[in-house]
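Hi,

Here's the structure I promised you. Have a look at it first, then read on for what turned up.

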There are 2 protein chains.
Amino acid sequence: MAKKVAVVLSGCGVYDGAEIHEAVITLLALDRAGAEIVCAAPNVEQAHVVNHLTGDAAAGEGRNVLVEAARIARGAIVDLAKLDAKSVDAAIFPGGYGAAKNLCTWAFKQDGCEVNAEVARFVREMHAARKPLGFECIAPVVAAKLLGPEHPQVTIGTDAATAASVEKMGGKHVACQVREIAVDQDRRIVTTPAYMLAGRISEAADGIEKLVKAVLEFC
Amino acid sequence: MAKKVAVVLSGCGVYDGAEIHEAVITLLALDRAGAEIVCAAPNVEQAHVVNHLTGDAAAGEGRNVLVEAARIARGAIVDLAKLDAKSVDAAIFPGGYGAAKNLCTWAFKQDGCEVNAEVARFVREMHAARKPLGFECIAPVVAAKLLGPEHPQVTIGTDAATAASVEKMGGKHVACQVREIAVDQDRRIVTTPAYMLAGRISEAADGIEKLVKAVLEFC
């Protein structure tokens, strides 16, 4: 029977939402592996909107995380609040600043960040059920914040300051090259640096494809 | 030497912009083939904004095609008006309604559509220089409208009404299955149905990967 995997998105666009390449490569790798996909996102306002041409915050503009994430999902997406961990076999979180601005507030408060309530509920339910979780790029900060007391082994690549913040939240950071993955066998958590390190899309893709394979092997 | 390939985007999201999966799969296939990529989009307002969660047009909201396309390009994108056909070896147009709403007005006026002036200038310069062009999904209507007098052979899949419109503009439509491509050897134009027919992302990807390969072989 096909494994059912949630892909949790945080908007649409690297600077204020889900990193689009990471999200699409994840969807493609899952589909090619024969997995059934359910996209989900929290139904909340984005922290802000960034003009991706200039890099500047767009003053006065607001967008909804679920509505924008629906662009990546071609409309086939559910409110994360309605996603029961019982209904899926695994979950993967693509990166992009949305993971650190909308799923949690790490981009603004580092180890003092808060995690969106539905993200926290879902991740904790999944983990309590021993279901595998994948986190790409900066998304491992969510795992470190929520599961810190268990000291999950994760990677955000090689950036010292980010790694230090992960450790401050209780995570055990392992350095990892861009095309590779870090696997916490005991806690069934797989991470890859993706665009934390990638200079080109194929570098991110190699790591993400390995992450998807490792997550599915845990199922 | 690496081939330089323009990827012409039409926004960010299947219903009012570039189809995100098609665009990302194109970028990944080009990068894995060792091509250099230059993303471009016209600097114009979108025809409209569609809420991708509900499918409804968002009344009163406006977005810019270039600014939104920059989300897919991670900011690395140029105004199509500044892209000289002399500077690239080939060009590929992903689909999505943006190709038929923003690059041209086919979605509203079918064979009586107008094509954005910079899109028309760029495609005509490329074609006059015998440089290969790839069009995915609904984007072949742009080729049919601009190059109709030459009767380019293209596919939009198997939809009879769309195929008839392509022929009315001068194109020669060929039916094509989702994982396949149509190649006009004489005119160096490659097309694939992608999400005109795809029910899942891997179907679109198979055709797009073949399209990228065929376009690069023409270089």
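How are helix 1 of chain A and helix 8 of chain A oriented to each other? Keep in mind that this is a predicted model. The axes of the two helices come within 9 Å and cross at roughly 45°. Angles of 65 to 115 degrees count as roughly perpendicular, those under 35 as roughly parallel and those over 145 as roughly antiparallel, with the rest oblique, so helix 1 and helix 8 of chain A are oblique to each other. Their crossing is right-handed. Helix 1 of chain A brings H21(A), E22(A), I25(A), T26(A), A29(A) and L30(A) to the contact, and helix 8 of chain A brings residues including I201(A), I208(A) and L216(A). By class, that contact has eight nonpolar, two polar and two charged residues.

Helix 1 of chain A also meets helix 8 of chain B: their axes come within 8 Å and cross at roughly 105°. That makes these two helices roughly perpendicular to each other. Among the residues in this contact are L27(A) and R32(A) from helix 1 of chain A, and A205(B) and E209(B) from helix 8 of chain B.

Now for some strands. Strand 4 of chain B runs parallel to strand 1 of chain B, joined by three bridges, and A6(B) has A91(B) as its bridge partner. Strand 4 also pairs with strand 5 of chain B in the parallel sense, over three bridges; there, F93(B) is partnered with F135(B). In strand 4 of chain B, A90(B) and I92(B) point one way, A91(B) and F93(B) the other, and all are buried.

Cheers

Notes:
Residues are numbered from 1 along each chain as its sequence is written. Chains are lettered from A and ligands numbered from 1 in the order in which they are written. This is a predicted model: local features need pLDDT of at least 70, side-chain atom pairs count only at pLDDT 80 or more; totals for chains, interfaces and linings use all residues. Side-chain values use heavy atoms; hydrogens and water are left out. Axes are lines fitted to C-alpha atoms, for helices over the stretch in contact, and angles run from 0 to 180 degrees between N-to-C directions. Helices (H or I, at least four residues) and strands (E, at least two) are DSSP runs, numbered from the N terminus. Contact means heavy atoms within 4.5 Å. A crossing is left-handed if the near helix is turned anticlockwise from the far one by less than a right angle, and right-handed if clockwise. Ala, Val, Leu, Ile, Met, Phe, Trp, Tyr, Cys and Pro count as nonpolar, Asp, Glu, Lys and Arg as charged, and the others, Gly among them, as polar. Buried means under 20% relative accessible area, exposed over 50%, partly exposed in between (1.4 Å probe, protein chains only). Two strands pair if DSSP finds at least two bridges between them.
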